[in-house]
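Here are my notes on the model you sent over. Have the structure open as you go through them.

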Amino acid sequence: MSRHLNALLAAGLALAVVMVMTVHIVWQDRESTAAQMEALAADMAKVVEAHVLHTTKGADIALHQAASLVDDAGSLEAVRNKPYWRRLRDALANLDGGDTLWLFDAKGNGIAGTGRQMDRPLNIADRPHFQAIMAGAEFVISPALRSRMDDRILFTISRPIRDWTGEIIGVASAGMKTEWLVDFYALMSFGLDTAITIFRTDGEIVARNPDLSSHVGRNDRDGYLFREQLPRSPVGVYWSRSTLDGKERLAAYRLIPDLNLIVHAGIESRSAFAAWRIRSLWFIAEMGIATILVLLVLLWGARMIRRENHVRMRVLEAENAARQLDAELHQARRDPLTGLPARGLFLELADRMHLNAGKRGSVLAFLYIDLDGFKAVNDRHGHHRGDDVLTMVAGIMRKMIRDGDLIGRVGGDEFVICLSGYDPEIRTVAIGVASRIITQVRDLDADVGCSIGIALTAGGCGDLSCCLRQADAAMYRAKQRGKGVWTMHEPAQEPCLSCDNKIVA
């Protein structure tokens with residue numbers, strides 16, 4: 001009897017050990033799963049933050065371009081004229097995620113815009129983002145709102161328009177697609193139920209996926225994120241129940257103080273632990289059978305190894321997909337006709353060259369090139385011939401630059417070349433390149449020529465945007481001198497009155 005009792009006790013002890021080991025392993029697996037989900041949520045928040053910064057930087061460039069049109073045109077109303085309106089439209093075309101670009105006067109009346117119903121009266125004087133700009137704010141990102149033109153959901157990024165005295169005479173405002181900020185990240189969710197939200201620091205929602213339409217106008221300032229997390233740290237990961245839809249989520253957030261935005265990436269708890277629950281049920285069943293058959297334990301171990309390899313393969317596939325998508329996004333910012341960087345990409349690359357040149361003590365030379373007679377070619381021979389001419393001219397320019405130099409198409413028939421070197425040799429190199437381009441374009445026998453303005457970053461001002469404007473002004477002086485020539489900007493011709501170290505060309 002005692003032997004049976006001892007055997008039962010031994011069996012009970014063995015069963016208890018197996019149960020304890022099973023509970024311990026299942027709990028450890030849960031902790032590991034939670035750590036993986038936290039890392040995934042944090043990585044998603046980082047990528048969303050980078051995308052938001054990239055998008056707002058592009059919007060800032062477009063808004064500066066729109067504001068500079070007012071200076072070029074002489075007034076807000078003059079921007080309605082086709083040449084300036086086309087430039088406004090081009091600024092929007094180069095804005096990733098942009099939907100509309102409008103100029104408003106100081107009373108909130110729409111003066112010029114790229115919207116589908118630009119001739120329809122529009123007033124935004126009651127919009128908080130307009131009131132904030134008129135109160136002195138320099139850069140305002142609005143919450144998600146419904147457009148008064150067609151009831152679409154957008155958010156806006158706005159800047160003031162000032163006259164030469166510094167007085168605010170209007171507002172430049174870009175209407176942005178909310179889905180541009182959040183829909184892309186479904187690719188990173190690995191089949192999990194995720195929610196991406198961009199908040200303003202006052203709790204209002206700028207963009208959200210999913211179900212933004214039911215949350216437009218809502219404020220989450222009383223939620224756990226704003227009450228508990230943000231006062232502790234600008235970056236973090238936490239578990240809580242959402243006040244927006246009542247779902248419990250693992251969430252990561254990142255504060256972007258310069259933009260007064262908060263990036264929030266959440267994974268629904270049920271979805272986060274779905275795979276763990278399945279693994280746990282299988283593991284418990286296998287551990288039960290393992291007390292009888294060691295072979296099943298070995299088979300279970302092999303299965304877990306295969307599962308881990310599968311998870312690693314999915315991670316590698318996700319990394320490859322992210323790299324491919326990044327390459328596609330980079331390619332999308334190139335001019336499809338010539339393959340050259342478009343305005344936005346050119347300005348980013350030129351800014352990098354400018355920073356590197358400052359470190360090396362070298363000088364950048366900008367050649368602003370505009371084709372003479374190009375419109376007549378389009379009018380007489382059609383746009384197909386015009387495209388051929390642009391392609392040939394781009395080919396000529398490619399042959400002129402060296403490794404490390406930069407060329408971009410910044411307008412319909414406008415190109416900019418950026419050369420790097422040391423003064424005074426860079427001046428000679430720039431003049432030589434300009435002369436050869438003028439000669440070879442003329443020799444194309446395509447009824448076009450070109451006028452070129454040259455400006456250097458050395459001298460009175462090393463600001464990149466200022467140098468680009470000076471090269472543009474020098475190009476117009478070349479046209480006034482009879483076209484088909486180059487002119488070199490000299491500091492005495494157009495001294496720099498203010499440099500803000502931002503590319504606004």
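1. Glu268 first: at 11% relative accessibility, this residue counts as buried (buried is under 20% relative accessible area, exposed over 50%, partly exposed in between, with a 1.4 Å probe and protein chains only). Glu268 sits in strand 11, residues 261–268; helices (H or I, at least four residues) and strands (E, at least two) are DSSP runs, numbered from the N terminus. Leaving out residues up to four places away in sequence, Glu268 touches Asp193, Lys247, Glu248 and Arg249, where contact means heavy atoms within 4.5 Å.

2. A word on what you're looking at: this is a predicted model, in which local features need pLDDT of at least 70 and side-chain atom pairs count only at pLDDT 80 or more, while totals for chains, interfaces and linings use all residues. Residues are numbered from 1 along each chain as its sequence is written, and side-chain values use heavy atoms, with hydrogens and water left out.

3. Now the overall picture. The protein has 13 helices and 16 strands, and 47% of its 505 residues count as buried. Among contacts with a separation of 6 or more, 61% are between residues 24 or more positions apart.

4. Which residues of the largest nonpolar core touch the most other members? They are Val52, Val79, Leu88, Leu101, Leu103 and Ile198, out of 56 residues in that core. Helix 1 (residues 2–73) gives the largest share, 18 residues. A second, separate core of 33 residues includes Ala365, Phe374, Val389 and Val433. For the record, a nonpolar core is a set of buried Ala, Val, Leu, Ile, Met, Phe, Trp, Tyr and Cys residues joined through side-chain atoms within 4.5 Å.

5. Next, the aromatics. The structure holds four aromatic pairs; rings of Phe, Tyr and Trp (its six-membered ring) pair if their centres lie within 6.5 Å, and planes under 30 degrees apart count as stacked, over 60 as edge-to-face and the rest as tilted. Trp102 and Phe104 are stacked, because their ring centres are 5.9 Å apart and their planes are at 20 degrees. Phe199 and Phe226 are edge-to-face, at 5.6 Å centre to centre and 90 degrees between the planes. Phe199 lies in strand 7 (residues 194–200) and Phe226 in helix 5 (residues 224–232), so this pair ties together parts that are 27 residues apart in sequence. Phe199 and Phe226 are both buried. There is also an aromatic cluster formed by Tyr224, Tyr238 and Tyr253.

6. The side chains of Ser362 and Arg360 are joined by a polar contact of 3.5 Å. That term means a pair of N or O atoms within 3.5 Å; within protein, one must be able to donate a hydrogen and the other to accept it, and residues adjacent in sequence count only if both atoms are side-chain atoms.

7. Last, helix 13 (residues 464–480). Is helix 13 mostly covered or mostly uncovered? Mostly covered: 12 of its 17 residues are buried, including Leu464, Cys466, Arg477 and Lys479. The cover includes helix 9, strand 12, strand 14 (414–421), strand 15 (449–456) and strand 16 (486–488). Just after helix 13, Gly482 takes a positive phi of about 115 degrees.
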